[in-house]
Amino acid sequence: MRRLNGMDAMLLYSETPNLHTHTLKVAVLDASGLDFGFEDFRAHLRRKLEVLEPLRYKLVETPGRLHHPLWRECDIDDIDLDYHVRRVQIPPPGGRRELDRVVGEIASTPLDRSRPLWEFHFAEGLAGARFALIGKVHHSLADGVASANLLARLMDLTDVSVPDHQCATTTSGGLLRLAARDHLRQLRELPGLIRDAVLGFTQVRRRAAARGRHRELAAQFDAPPTFLNHRVAPARRFASAPLPLVDVKTTAAELGVTINDLILAIAAGGLRALLLDHDGAADRPIIASVPTATDKSDRVSGNEISGLMVSLPVHIADPVERVRLVALATRLAKEDHEVMGTRLYGRLMNYLPAAIAPVAFRWLARQSSNPMMNVAVSSVMGPRTQGHLGGAPVSEIYSTGVLSPGAPVNITVWSYADRLGIAALTDDRTFTDEHDVTDALAAAFDELRSAARPYATLSA
């Protein structure tokens, strides 16, 4: 058995009726000329369960909620594939919008915590002899890095030996003894954590005072009110769009920035257009919450993540100037993050009180604003090689994160093979048509690609 770390547990505690904390992976399969269908995928998954350990994890609560829950690894025979693997029909004409609508419906309901925390929905009815696999996995099981490694295993892109495991059982007394040992260890580590936190906060404040206020960047904890920010509704809407990865790389190189910086600049341009359309103004920078991995190993479970708060210059009309400001904001956020300690946030989460944290998160979920952020934007590097599922090539992959209190828009970009998959997850109150988001992001990229010209650097 393995205890959930603080980040894993936080993602459980923060789940409420209107804020689900599962993630989605949508893979489009091209079955042209193949005898392939639901039973072929199901058989493929059955064979792969041996090396997809997190799909065999089941939650075990600590008695009295005296500590974070644990994962108990089950035997393959204990996994009810009739429950976890389902067929779903895409309505005619079977295009992107019809698929995206079904994905939103699947995203709208929480996972059953009495079972392993995942579902696969095999979508039939796509045009062009295609299928889609919609994976719904609780974020407490895997972050972006772990999900990419799981997908690589599922798609036969990596050779993995079958791990040994035993389906452990323990008594309530045994669980309490484990909790007591963990708490004693945490007490020994607490003085060092407090010292590191105080030192980190002090150094960041000094750095901020020394460099002064940049008038074109948003101040921390000052996310402005926008149409993007209100109490999140329970229902979900999903939209997707592909971009050619080679064009993205070329544009980033011409502008002298990283791909991650370019993605944030695309988000800034797209959100600027949406703000002008919905609010009639985009006169202040907004704040994006940008998850960042603190461990890029080959692990397939758990959350080793922190986050950056990055200013998005939606108030700037010139696309190249937006890129420059995004690169500056990202650099400053990363420098502060390094000074603070990349693992500090995760270490602090280990001390979340299991008994009362869910109550606090339910209160947060009812809020209609969030001073820390307006929108979540994340980027994950997926497999570079095209994979297969049961013999069918996977042509596209899209991913979503979770929605945050008062911030019902999540933009996730997942690179896979030769494509960049843009996905937007939102609720059913923010947009009349959720594809307005992906259309705006695609237009923002076209604007940047047209404006790009060789730059050695983009300096402040």
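The structure is a predicted model, in which local features need pLDDT of at least 70 and side-chain atom pairs count only at pLDDT 80 or more, whereas totals for chains, interfaces and linings use all residues. Residues are numbered from 1 along each chain as its sequence is written, and side-chain values use heavy atoms, with hydrogens and water left out.

Helices (H or I, at least four residues) and strands (E, at least two) are DSSP runs numbered from the N terminus. Because eight of the eight residues of helix 1 (residues 6-13) are buried, this helix is largely enclosed by the rest of the structure; buried denotes under 20% relative accessible area, exposed over 50%, and partly exposed the range in between (1.4 Å probe, protein chains only). The buried residues of helix 1 pack against strand 1 (2-3), strand 3 (57-60), strand 7 (130-138) and strand 10 (305-312), as well as against helix 10 (344-349) and helix 11 (357-365), where contact means heavy atoms within 4.5 Å.

An open sheet of mixed pairing is formed by six strands in the order 5-6-7-2-13-12, two strands being taken as paired if DSSP finds at least two bridges between them. Strand 5 (85-89) and strand 12 (388-389) stand at the edges with a single partner strand each, so that one side of each is left without a neighbour in the sheet. Strand 2 (residues 22-30) and strand 7 run antiparallel and are joined by nine bridges; Val-26 has Ile-134 in strand 7 as its bridge partner. Strand 7 also holds Lys-136, which counts as buried because its relative accessibility is 1%. A polar atom of the Lys-136 side chain lies 2.6 Å from the backbone oxygen of Thr-109, and, neighbours within four places in sequence being left aside, the contacts of Lys-136 include His-22, Thr-23, Leu-24, Trp-118 and Glu-119.

The chain is divided into domain 1 (2-160) and domain 2 (179-379 + 402-457), with bounds that come from an automatic or database domain assignment. Their contact takes 51 residues from domain 1 and 50 residues from domain 2, and the C-alpha centres of the two domains lie 24 Å apart.

A nonpolar core is defined as a set of buried Ala, Val, Leu, Ile, Met, Phe, Trp, Tyr and Cys residues joined through side-chain atoms within 4.5 Å. In the largest such core, of 56 residues, Leu-29, Leu-45 and Trp-118 touch the most other members, and helix 1 gives the most to this core, with six residues. Both domain 1 and domain 2 give residues to this core, which therefore lies between them. Apart from neighbours within four places in sequence, Leu-45 is in contact with Leu-52, Leu-55, Leu-81, Val-85, Trp-118, Phe-120 and Leu-154. A second, separate core of 54 residues includes Leu-243, Leu-262, Leu-275 and Val-326.

Arg-47, in helix 2 (residues 38-48), counts as exposed because its relative accessibility is 56%. The C-alpha atoms of Arg-47 and Leu-154 are separated by 9.6 Å, although these residues are 107 residues apart along the chain.

Key
A polar contact is a pair of N or O atoms within 3.5 Å; within protein, one must be able to donate a hydrogen and the other to accept it, and residues adjacent in sequence count only if both atoms are side-chain atoms.
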